[in-house]
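Please view the structure first.

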Amino acid sequence: MIYSAWIRQLQSLTIVIFTFIISAQTDVPRPRGVSLSKASLYSPTKDFTCFDGTSTIPFSYVNDDYCDCFDGSDEPGTAACLNGVFYCTNAGHRPQNIPSSRVNDGICDCCDGTDEYATPGTCSNICEELGKEARAKAQQLADLHKSGNHIRLELIEKGNKKRSEMALQLLQLEKDKAEAEIIKNEKEVLKSELEAKENEALQVYRDAEEKDRQRKAELERQQQETEASEQFARFDSNSDGVLTTDEIKVVNVFDKNKDGEVDQEEILHFFGDKDSVNMEDFMSTTWPMVKPLLMLDQGMFRPAVKEEEDDEPEVDEEEETQRVEDTEDVGGDDENIEEIPHDDADEQDVEPEQSRAYDDETQKLIDEATEARRQLTDAERTVREIESNIRTFQQNLEKDYGLQQEYATLDGQCLEYEDKEYIYKLCLFQKVTQKSKNGGMEVGLGEWGEWAGREGNKYSVMKYTNGMACWNGPSRMSIVNINCGLESKLTSVTEPFRCEYKIELTTPAACDDSNLTQEATHDEL
Ligand code: MAN
């Protein structure tokens with residue numbers, strides 16, 4: 001306690017030095033490290049209240065090199081508080097706020113050297129010099145913005161024109177769409193009408209086809225029947241109308257496993273549990289099992305032969321037009337197996353619809369319906385194309401092209417940048433791509449996303465997202481920083497983080513005088 005009281009007394013002595021050193025650059029008396037705007041908060045005639053309101057201390061405690069306030073507001077001119085703020089006027093250049101912990105630390109932070117007042121001579125005042133440089137730079141920037149602003153104004157004019165033209169075009173497209181839809185509806189009606197007629201005419205052909213199919217099926221059935229009864233007669237050696245096990249035992253084709261005899265198992269297979277089969281059983285059960293074996297033994301299905309008429313064929317032993325030798329299967333004799341008759345005339349009757357010949361009237365109806373279908377397809381395509389154009393126009397009209405449409409004419413403009421390895425391409429408001437100079441495919445580094453500048457300067461940064469997936473990582477994306485320049489060009493492309501690209505773009509669209517003022521204000525601390 002004694003020690004701290006002694007320190008406090010000692011510090012009081014320095015108050016004169018610390019507290020009442022009035023800034024040389026201004027008439028307003030204020031403690032060291034206090035800005036003009038805060039001077040009124042430090043009144044030597046009153047106690048001082050910490051900025052956070054937590055305590056009130058005698059004014060003599062301000063800048064006494066002892067930290068009394070939690071927020072460090074009592075020690076703006078010393079390094080006593082870790083969180084204090086020291087203000088340097090930097091006359092001739094920009095004023096600055098530095099952490100008061102840097103006061104008298106041997107390092108010159110302020111260009112006027114006031115932060116190192118304990119060791120006069122350590123820091124010289126270089127504010128004039130810096131200020132001059134900064135002013136020259138600012139002037140250059142102002143000049144650039146001024147020249148660029150002319151171009152920007154042109155861009156604004158063109159941008160607004162483009163947008164109003166687009167709005168008009170959109171209106172026109174809506175009208176076109178309405179008309180195209182009327183045409184489409186008409187074509188639909190026409191198509192239905194003509195297709196109904198076409199269908200009616202074709203039904204005649206379809207009916208004929210169906211009749212023909214049924215006739216052929218019947219013919220086929222009859223052929224099967226004839227064939228089966230012939231074979232039955234052949235196997236039924238005593239011609240008693242019943243095929244017995246004894247009769248089939250001597251016919252090789254019933255020897256399914258080709259072991260030289262027709263055994264019980266084989267008889268069971270062909271006759272079921274019966275000792276004999278009549279013609280009816282034979283046709284329905286035995287013949288369908290025997291026929292494939294017979295044909296297999298012959299080594300083939302027989303080639304087609306001509307049939308006299310497409311009527312029910314009258315086939316008997318004498319009239320058989322062709323016979324195929326069957327030396328082994330049917331009892332090993334020379335008996336022939338009749339070939340399955342084939343209706344040659346049928347082939348002309350059923351042809352694929354496309355190649356079928358129609359009568360002139362039907363063909364005319366088909367042609368008219370085909371043309372109506374084609375016209376409807378065209379009309380539908382036209383509507384779709386107009387709709388797609390409408391969508392594009394709507395999307396473009398919804399895009400944010402800056403406060404005054406200054407970026408509108410840049411939409412779709414592509415700019416390239418080459419480094420050692422890649423060629424980068426930014427198509428504004430569309431996408432960013434990267435192509436290796438060693439070949440290979442183009443890699444998408446992002447599609448137009450949004451403006452992403454900080455508050456108050458939204459149009460200074462563009463974000464392109466959802467690029468090609470990074471190997472084992474997220475989608476590639478690109479950030480485009482925009483600065484004023486007399487022409488639109490990319491001045492640098494880097495990849496500060498893997499698959500995150502940083503692009504510097506200059507464009508006259510960003511040469512905005514009011515922006516410049518904002519920036520300048522921002523720099524004034
Ligand atoms: C490619 C390029 C690079 C990227 C890697 C990630 O080589 O797109 O920019 O860093 O892929 O695998």
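Lys258 sits in the loop that joins helix H3 (245-249) to H4. Helices (H or I, at least four residues) and strands (E, at least two) are DSSP runs, numbered from the N terminus. The model is predicted: local features need pLDDT of at least 70, side-chain atom pairs count only at pLDDT 80 or more, and totals for chains, interfaces and linings use all residues. Residues are numbered from 1 along each chain as its sequence is written, and side-chain values use heavy atoms, with hydrogens and water left out.

Lys258 is not a glycine, yet its phi is positive, at about 55 degrees. Asn466 also has a positive phi, near 60 degrees, and is a residue other than glycine. Asn466 belongs to the loop between strand S13 (461-465) and strand S14 (477-484). Most residues other than glycine have a negative phi.

Next, the helix contacts. Axes are lines fitted to C-alpha atoms, for helices over the stretch in contact, and angles run from 0 to 180 degrees between N-to-C directions. H4 (residues 264-271) and H5 (residues 279-298) have axes that come within 8 Å and cross at roughly 120 degrees. That makes H4 oblique to H5; angles under 35 degrees count as roughly parallel, over 145 as roughly antiparallel, 65 to 115 as roughly perpendicular and the rest as oblique. From H4, His269, Phe270 and Phe271 meet Thr286, Met289, Val290 and Leu293 of H5, where contact means heavy atoms within 4.5 Å.

H5 also meets H2 (residues 127-235): their axes come within 9 Å and cross at roughly 90 degrees. H2 and H5 are therefore roughly perpendicular to each other. The H2 residues in this contact include Phe232 and Phe235; among those of H5 are Trp287 and Val290. By class, this contact of H2 with H5 has nine nonpolar, three polar and three charged residues. Here Ala, Val, Leu, Ile, Met, Phe, Trp, Tyr, Cys and Pro count as nonpolar, Asp, Glu, Lys and Arg as charged, and the others, Gly among them, as polar.

Around the ligand stand Tyr422, Gln434, Arg476, Glu495, Arg498, Cys499 and Tyr501, each with a heavy atom within 4 Å of it. This shell divides into three nonpolar, one polar and three charged residues. Its polar contacts (pairs of N or O atoms within 3.5 Å) include these:

| Side chain | Ligand atom | Distance |
|---|---|---|
| Tyr422 | oxygen | 3.3 Å |
| Glu495 | oxygen | 2.6 Å |
| Tyr501 | oxygen | 2.7 Å |

Taken alone, the ligand exposes 310 Å², and the protein buries 70% of that (Shrake-Rupley method, 1.4 Å probe).

Conventions:
A polar contact is a pair of N or O atoms within 3.5 Å; within protein, one must be able to donate a hydrogen and the other to accept it, and residues adjacent in sequence count only if both atoms are side-chain atoms.
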